[in-house]
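Try each task before reading its solution.

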Amino acid sequence: MKKSLIILIVAVAGLALVSLFREDKQTYQYVHGENPSEKVRILFVGDMMFDRTIRAVAYEKGYDYLFSCIGDYLRGFDLVAGNLEGPITNKASLSRNTKPEEAGNTVFTFDVDVARVLATNNIKMVSLGNNHILDFGIFGRDSTEKELNRAEVIYFGAPGSQIFATTTLGGYGVAVINFNQFLGENDSRETIQAIWQTKRTADLVLVYAHWGDEYLPATEYQKALAHSFIDAGADIIVGSHPHIIQEHEIYGGKSIYYSLGNFIFDQYFADSVETGAGVEVSFDGRTISIAEVRFDIHPDGTTCLAEN
């Protein structure tokens, strides 16, 4: 009875938040640079988890199957970035074939082929600043970075590693900075200092945060942090961890997407966790245009663009 009540609360709260996120269809634009030139397009997605049921599907049908109805869409961007919710190692899975609350169910490791499939589907940047990256300790972190390097996927945010990543797209410098509420990494001063540092050379500075409470609306803690990051100079903030879509806020003329929810994940107990959000960012040197999209996360392991 208690479990059913929790699922009902999650479903109702999640649907309300999804509706709140979908209502605002406006494209936000504000002056950033002075010489508009080529337009670049970046897509931000939420949590990606390739263990448990997802691993079982991939072993049966191949990792490319997971992206079979969305790969072409992803490859239409100059860059796709998301949260990689665990390490890539050659170790056996502890969570595959487990049930919720059983030992190992939330201890993740991803097959080494995951790095390749990320790159193949244009997910060329990932945040490692989350609560699962050390599930297999420092070995797991180092193995992840090794495999991502081999696949030419940019990464940032793992404990003990660089908190931000930079790249050049269409001649523009882009910096993405992590904030991780977990694993003792929750010093917002480091994120703020990284914002100040990257603003000196980057044309576009974004924060990708891992924060908040699972299945619940954005907390006052998240909101205070987000406002401080905007005040420090961040252009856009996106978040992950709650597994549902949280509120979208405009603060100081800048967009904050507190949680994008799931992108690749095996949670199928409510519409709120089976619907993810994406943030399409277009930048031409002067204006930042933002569009929101939805993803349907299916029990067969695939993630697809929502029809509506």
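**Exercise 1.** Which residues in α6 meet which residues in α7?

Solution. This is a predicted model: local features need pLDDT of at least 70, side-chain atom pairs count only at pLDDT 80 or more, and totals for chains, interfaces and linings use all residues. Residues are numbered from 1 along each chain as its sequence is written, and side-chain values use heavy atoms, without hydrogens and water.

Step 1. Look for contact (heavy atoms within 4.5 Å). From α6, take S188, T191, I192, I195 and W196. Their partners in α7 are L225, S228, F229 and A232.

Step 2. Sort by class. The contact of α6 with α7 has six nonpolar, three polar and no charged residues.

**Exercise 2.** Describe how the axes of α6 and α7 are arranged.

Solution. Step 1. Find helix α6 at residues 188-199 and helix α7 at residues 220-232. Their axes come within 9 Å and cross at roughly 25 degrees.

Step 1. Name the angle. Angles under 35 degrees count as roughly parallel, so α6 is roughly parallel to α7.

**Exercise 3.** Which residues touch the most other members of the largest nonpolar core?

Solution. Step 1. A nonpolar core joins buried (under 20% relative accessible area, 1.4 Å probe, protein chains only) Ala, Val, Leu, Ile, Met, Phe, Trp, Tyr and Cys residues through side-chain atoms within 4.5 Å.

Step 1. The largest core has 37 residues. F50, F67, L74, L118, I123, V126 and F263 touch the most other members.

Step 2. Find the main contributor. α4 gives this core its largest share, five residues.

Conventions:
Axes are lines fitted to C-alpha atoms, for helices over the stretch in contact, and angles run from 0 to 180 degrees between N-to-C directions. Helices (H or I, at least four residues) and strands (E, at least two) are DSSP runs, numbered from the N terminus. Angles under 35 degrees count as roughly parallel, over 145 as roughly antiparallel, 65 to 115 as roughly perpendicular and the rest as oblique. Ala, Val, Leu, Ile, Met, Phe, Trp, Tyr, Cys and Pro count as nonpolar, Asp, Glu, Lys and Arg as charged, and the others, Gly among them, as polar. Buried means under 20% relative accessible area, exposed over 50%, partly exposed in between (1.4 Å probe, protein chains only).
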